[in-house]
Amino acid sequence: MGKPKFYDFCVHAVPDGENTVEQLAALARHFGHSGIALANHSDKLPQSRPVLPSTNEFEVFRGIELVEENPSKLHSLIGKFRKSVDVLIVHGGSETVNRAALENPRVDILNHPAFDKSSGLNQVLAKAAAENDVAIGLALRPLIHSRGPRRVRLLSDLRANLDLARKYDVSLVLSSDAMSCFDLRSPMETLALAEVCGLEEDEALEAITTVPERIISRNRPVPGYIREGIEVLEEGDYF
Amino acid sequence: MKRLLPSLRAKKRYLAFELISEEPVSRGDLVKEVMSSASSLLGDVTTSECDIKVLGFEDWKGIIQCSHTKVKETRASLTTLTRVNGKRATLHVLGASGTVKRATEKFLQNCTAFEPEIKIKPRTAEE
């Protein structure tokens with residue numbers, strides 16, 4: 001087995017965040033990531049589609065973080081953006097939005113599910129997430145920027161979600177949710193923080209290596225792909 | 001006072017790090033921030049077990065000492081460092097080693113390859 005490839009699946013660049021894609025990509029590469037997903041909030045999209053710098057060792061994936069309060073509008077936004085992005089993230093934060101996101105198999109990740117007095121998940125939603133293969137996003141930015149009671153609250157929400165995710169076998173994605181290059185963290189430090197916050201070593205590793213890889217391979221069908229489970233292995237003249 | 005026998009001394013790990021920040025920071029400010037972010041994340045009891053010390057810091061690079069059983073906790077607490085002296089900063093651990101000499105040789109002396117990126121960051125943030 002080679003060295004694992006690390007991904008950071010939620011990074012915000014200008015005009016949503018502060019720094020440009022090039023700066024974020026250069027720093028993430030320096031930190032040892034193999035790829036980042038540029039996921040600007042859908043209410044702050046740039047006028048034109050940004051050109052993504054990519055080399056063969058480092059890739060910038062096209063992503064989006066949808067912000068929408070109304071579930072039916074959210075579903076239509078998902079339909080609108082699904083074809084053009086590799087990673088589709090929903091910014092949760094209310095019961096209806098969380099539910100709409102987790103019950104839609106076209107969504108990849110649900111970020112920030114917590115809302116007042118609730119961690120954002122329950123057994124019904126966790127089951128739906130497992131069935132539709134929607135990952136729960138664990139964002140580092142709120143954790144590293146808050147102190148005291150606020151961080152205590154975030155950590156206990158994280159633990160509650162973690163228990164549910166373990167029971168119903170929901171996948172997790174660790175991301176920096178960086179608004180500027182000072183919010184980016186290297187993979188090893190992300191892992192250390194995740195382990196201190198209650199994740200097991202293998203869970204944390206999976207959350208920044210295999211789960212992101214699976215999301216990408218699901219959304220970028222290999223040549224010959226027809227639908228789930230059906231694939232043309234050898235091209236030939238059959239008729 | 002008589003020095004402890006080598007076999008009785010606490011085992012250490014030395015973390016080589018680089019600091020990426022908006023403005024140059026002094027060692028004193030960095031030490032203050034490292035200790036406060038550690039005690040905020042881990043609590044005073046675990047922080048004392050970690051035995052964190054900033055040994056040297058100059059030219060954006062330095063070495064932090066910690067207990068050899070608490071490397072993970074130390075790294076996690078360094079991850080939560082966001083500001084030094086009110087200016088935004090990130091601490092990136094380059095690697096861990098059992099001796100200061102090896103940590104310096106392995107991680108600090110030949111990292112000229114990363115130089116441009118380290119230099120770019122402070123400038124870009126001010127723009």
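Visitor: Which residues in α7(A) and α8(A) meet?

Guide: This is a predicted model. Helix α7 of chain A covers residues 187–196 and helix α8 of chain A covers residues 201–208. In α7(A), Pro187(A), Thr190(A), Leu191(A), Ala194(A) and Glu195(A) meet Glu201(A), Ala204(A), Leu205(A) and Ile208(A) in α8(A).

Visitor: How many nonpolar residues does the contact of α7(A) with α8(A) have?

Guide: By class, 1 residue of this contact is polar and 2 are charged. The nonpolar residues number 6.

Visitor: Which residues of α3(A) make the contact with α2(A)?

Guide: The axes of α2(A) and α3(A) come within 9 Å and cross at roughly 35°, in a right-handed crossing. From α2(A) the contact takes Pro71(A), Leu74(A) and His75(A). From α3(A) it takes Thr96(A), Val97(A) and Ala100(A).

Visitor: Which element supplies the largest share of the side of chain B that touches chain A?

Guide: The contact takes 18 residues from chain B and 19 residues from chain A. On the chain B side, α2, β5 and α4 each supply at least two residues. The largest share, 6 residues, comes from α2(B).

Conventions
Residues are numbered from 1 along each chain as its sequence is written. Chains are lettered from A and ligands numbered from 1 in the order in which they are written. This is a predicted model: local features need pLDDT of at least 70, side-chain atom pairs count only at pLDDT 80 or more; totals for chains, interfaces and linings use all residues. Axes are lines fitted to C-alpha atoms, for helices over the stretch in contact, and angles run from 0 to 180 degrees between N-to-C directions. Helices (H or I, at least four residues) and strands (E, at least two) are DSSP runs, numbered from the N terminus. A crossing is left-handed if the near helix is turned anticlockwise from the far one by less than a right angle, and right-handed if clockwise. Two residues are in contact if their C-beta atoms, placed from the backbone, lie within 7 Å. Ala, Val, Leu, Ile, Met, Phe, Trp, Tyr, Cys and Pro count as nonpolar, Asp, Glu, Lys and Arg as charged, and the others, Gly among them, as polar.
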